[in-house]
Amino acid sequence: MTIDVSAILKELGGKVTLNGTVCLNDIGFLGGTYSFKEPVNVLGDISNNGKSLILRAKCTGTMLTQCARCMKEITVPIAFKLDENLVQGDDGNSYDEDVIVFDGTAIEIDGIVADGFLMNVGGKYLCREDCRGLCPHCGADLNEGECGCDSDTIDPRWAALVDIMKNNE
Ligand SMILES: [Zn+2]
Ligand SMILES: [Zn+2]
């Protein structure tokens, strides 16, 4: 979504409404993958406070990710806020890190929304609070019933280690 801010660049207090959608690309981040079947809704505004343009918006939508325990694909609602400082800068000056510099009179906000998502995504997502996860022995989905593994059995990988330790004694 590209926002034309030419009307408010020189006008203190000027405001442009944001009301649209942004399509986010699939994101792999911190071991999880997040994909978006539907565009993210962006509702807010960009206003001129005399020094810079302030972008404030609420983003809502849904994402597809995996249950942290059973790896099943799940749809999770997302909601996060954007609160950004935008400065028009084509003069080669350097700016604070937390300022977004844009050229000309149009601001492309897709990247800003994607960054905002990354700042807010995190934690573990579960298909349900009491997801039982996968059996560490056979990999069966324990939500679908017991797999028959004896939970006291030592994992074969550990068993091999136990043998080595015994031989060393
Ligand atoms: Zn699960
Ligand atoms: Zn099992």
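**Exercise 1.** Work out what share of the contacts with a separation of 6 or more comes from residues 24 or more positions apart.

*Solution.* Start with what you're looking at: this is a predicted model. Next, take the contacts in the chain with a separation of 6 or more; residues 24 or more positions apart account for 54% of them. Then check burial: of the 169 residues in the chain, 34% are buried. Finish with the surface, where the chain exposes about 10900 Å², with carbon and sulfur atoms supplying 49% of that area.

**Exercise 2.** Identify what coordinates the zinc ion (ligand 2), then explain why the arrangement counts as tetrahedral.

*Solution.* Step one is to list the donors: the SG atoms of Cys135, Cys138, Cys147 and Cys149 coordinate the zinc ion (ligand 2) at 2.3 Å. Step two is the geometry. The four donor atoms subtend angles of 105 to 112° around the zinc ion, and four donors count as tetrahedral if all angles lie between 85 and 135 degrees. The arrangement is therefore tetrahedral.

Step three is the spacing, and along the chain the donors of this zinc ion follow C-x2-C-x8-C-x1-C. Cys135 and Cys149 both sit in the loop between helix 1 (110-120) and helix 2 (156-168), so this pair ties together parts that are 14 residues apart in sequence.

**Exercise 3.** Decide for Cys135 and for Cys149: buried or partly exposed?

*Solution.* You need one cut-off here: buried means under 20% relative accessible area. Cys135 has 6%, so it is buried. Cys149 has 32% relative accessibility and so counts as partly exposed.

**Exercise 4.** Search the whole structure for aromatic pairs, then describe how Phe36 and Phe117 pair up.

*Solution.* The search turns up four aromatic pairs. In the pair formed by Phe36 and Phe117, the rings are 5.1 Å apart centre to centre with 80° between the planes, an edge-to-face pair. Now place them: Phe36 is in the loop between strand 4 (32-34) and strand 5 (40-48), while Phe117 is in helix 1, 81 residues apart, and the pair links these distant parts of the chain. Both Phe36 and Phe117 are buried.

Note on methods
Residues are numbered from 1 along each chain as its sequence is written. Chains are lettered from A and ligands numbered from 1 in the order in which they are written. This is a predicted model: local features need pLDDT of at least 70, side-chain atom pairs count only at pLDDT 80 or more; totals for chains, interfaces and linings use all residues. Side-chain values use heavy atoms; hydrogens and water are left out. Donors are N, O and S atoms within 2.8 Å of the metal (3.2 Å for Na, K and Ca); water is not among the atoms, so sites may look incomplete. Four donors count as tetrahedral if all angles lie between 85 and 135 degrees; four count as square planar and six as octahedral if opposite donors are over 155 degrees apart and all others between 65 and 115; anything else is irregular. Helices (H or I, at least four residues) and strands (E, at least two) are DSSP runs, numbered from the N terminus. Buried means under 20% relative accessible area, exposed over 50%, partly exposed in between (1.4 Å probe, protein chains only). Contact means heavy atoms within 4.5 Å. Accessible areas come from the Shrake-Rupley method with a 1.4 Å probe; for residues, only the protein chains shown count as cover. Rings of Phe, Tyr and Trp (its six-membered ring) pair if their centres lie within 6.5 Å; planes under 30 degrees apart count as stacked, over 60 as edge-to-face and the rest as tilted.
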